[in-house]
Amino acid sequence: MMGRYFRMVLAGVLVMPLMISTCGAQTKEAPPKKVAIRAGRLIDGKSDTPIANALILIEGDKIVAVTPGGAAPAGVEVIDLSKATVLPGLVDTHTHLLLNGDITADDYDTQLLKESIPYRAVLGARNARIALDHGFTTMRDLETEGAMYADVDIKTAIANGEVPGPRMQVATRAMTPTGMYPLLGYSWELKVPTGVQYVDGVDGARKAVREQVMFGADWIKYYSDRHYHFEADGVLHSMVNFTDEEAKAIVEETHRLGKKVAAHAIGSDGIAAALRAGVDSIEHGDGLTDASIDELVKKGVYWVPTITVGAYVAPGRGGDWTKMVDLEKAAFQKALKKGVKIAMGTDAGGFDWKGLNQAKEFEYYVEYGMTPMQAIRSGTVVPADLLGWSDKVGTIEAGKWADLVATSGDPLKDITELQRVKFVMKGGAVYKNEGK
Ligand SMILES: [Zn+2]
């Protein structure tokens with residue numbers, strides 16, 4: 001103990017003057033670069049009506065002013081998007097950068113058994129670049145599917161500017177009790193990897209939360225249920241994974257450490273259990289009932305529907321999966337009417353990053369009853385709030401990070417325009433500019 005204390009004191013003495021001199025050097029650097037964007041149509045994420053011919057002034061990585069019309073200050077570079085629609089950078093609140101499609105159990109097992117975690121992390125960095133290229137400047141990655149804490153590494157590499165990608169919040173390993181998540185079905189003589197961290201008992205739950213947060217988890221994710229099936233009452237039921245005491249311990253400990261909890265919950269029983277435990281977001285939620293929808297509204301819990309993945313895997317999985325897509329559509333329409341906070345999330349990684357643009361999700365939301373403006377909000381300003389980043393992302397206004405995208409057509413007329421983003425800026429840096 002003494003030795004460690006001594007070293008800390010020494011480090012303090014040595015490091016402090018260095019920090020001061022670094023700060024001093026920074027003040028002598030050139031002032032942050034100023035750029036102006038001329039937007040033909042601006043959907044700022046706040047107003048219901050687009051602003052015509054808007055001027056967005058950017059200094060360094062932040063937006064400093066947004067005005068209808070007006071001229072850029074002399075000498076400031078202007079990016080001409082006068083024929084385009086500019087909107088806030090998109091936010092996907094449910095992704096798996098470390099996964100590349102798992103329609104069948106074989107797809108999943110192969111990745112965990114035959115690909116090393118370093119290899120998967122390389123593909124994860126590639127997937128982050130694809131997401132950014134598609135206009136997603138912020139993502140919540142909801143577990144690594146057996147790749148341990150590699151999401152933290154990808155997040156760090158992006159934040160350090162080593163590889164291009166969205167701003168990230170990450171959930172690391174996710175949790176189920178022992179035996180309730182793949183890989184399963186292998187000989188007991190083999191030690192195979194597991195897609196989550198197995199967690200048992202109240203003390204085990206608290207320890208696992210502490211451990212995941214120690215290694216960089218911004219979110220704790222747990223699997224509330226499995227074995228989804230319809231019963232005679234027509235409701236989608238499921239087997240609940242954790243005891244109420246365990247689930248409550250996960251939520252309580254996570255909140256105590258200042259983090260939030262996302263629960264995978266597909267069947268009505270899993271959804272009810274997650275709501276009892278006090279989670280912050282329900283993931284998937286196909287089996288939402290009238291009662292659980294009311295509870296989402298009452299408790300202000302977010303719903304992340306991930307319709308894209310459901311529609312994508314249903315044909316390959318067969319069984320009840322197709323029925324579940326229809327069920328979720330009905331739940332979506334009820335939830336929308338009752339005012340549930342719906343945050344856009346796709347489960348990208350559950351489908352191949354290279355095969356499908358995650359912005360497809362917006363198309364489903366409009367097909368299911370949202371106005372295009374509501375759909376855009378569900379993928380910008382609403383998730384910003386879920387992530388606790390309302391002061392940083394989700395709208396185009398002074399003080400926010402300069403994260404914005406542009407489409408050549410009008411997404412308010414054709415929501416599929418969001419699948420053809422032509423311009424991407426993150427933190428004031430242009431990552432894509434395919435002309436007007
Ligand atoms: Zn997922």
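# Salt bridges and a helix face

Biologist: By about how many helical turns are Lys 299 and Glu 295 separated in helix α8?

Modeller: Both residues sit in α8, which spans residues 290-299. Helices (H or I, at least four residues) and strands (E, at least two) are DSSP runs numbered from the N terminus. Lys 299 and Glu 295 are 4 residues apart, so their separation is about one helical turn.

Biologist: What kind of model is this?

Modeller: Residues are numbered from 1 along each chain as its sequence is written, and side-chain values use heavy atoms, leaving out hydrogens and water. Local features need pLDDT of at least 70, side-chain atom pairs count only at pLDDT 80 or more, and totals for chains, interfaces and linings use all residues, since the model is predicted.

Biologist: How many salt bridges are there?

Modeller: Side chains of opposite charge can pair when their charged atoms come close. A salt bridge here is a side-chain nitrogen of Lys or Arg within 4 Å of a carboxyl oxygen of Asp or Glu. By this rule, the count is 23.

Biologist: How far apart are the closest N and O atoms of Lys 299 and Glu 295?

Modeller: Lys 299 is partly exposed at 41% relative accessibility, and Glu 295 is partly exposed at 27%. Partly exposed falls between buried (under 20% relative accessible area) and exposed (over 50%), using a 1.4 Å probe and protein chains only. The two residues form a salt bridge, with their closest N and O atoms apart by 3.1 Å.

Biologist: Is Arg 140, which pairs with Glu 283, buried or exposed?

Modeller: Their closest N and O atoms are 2.8 Å apart. Glu 283 is buried at 0% relative accessibility. At 0% relative accessibility, Arg 140 is also buried.

Biologist: Within what arc do the buried residues of α11 fall?

Modeller: Helix α11 covers residues 360-367, and its buried residues are Glu 361, Phe 362, Tyr 364 and Tyr 365. The arc is taken from the directions from the helix axis to the C-beta atoms. Seen down the axis, these residues line one face of α11, because they fall within an arc of 160°.

Biologist: Which strands and helices do the buried residues of α11 pack against?

Modeller: Contact means heavy atoms within 4.5 Å. The partners of the buried residues of α11 are β5 (90-95), β6, α9 (307-317), α10 (321-338) and α12 (372-378).
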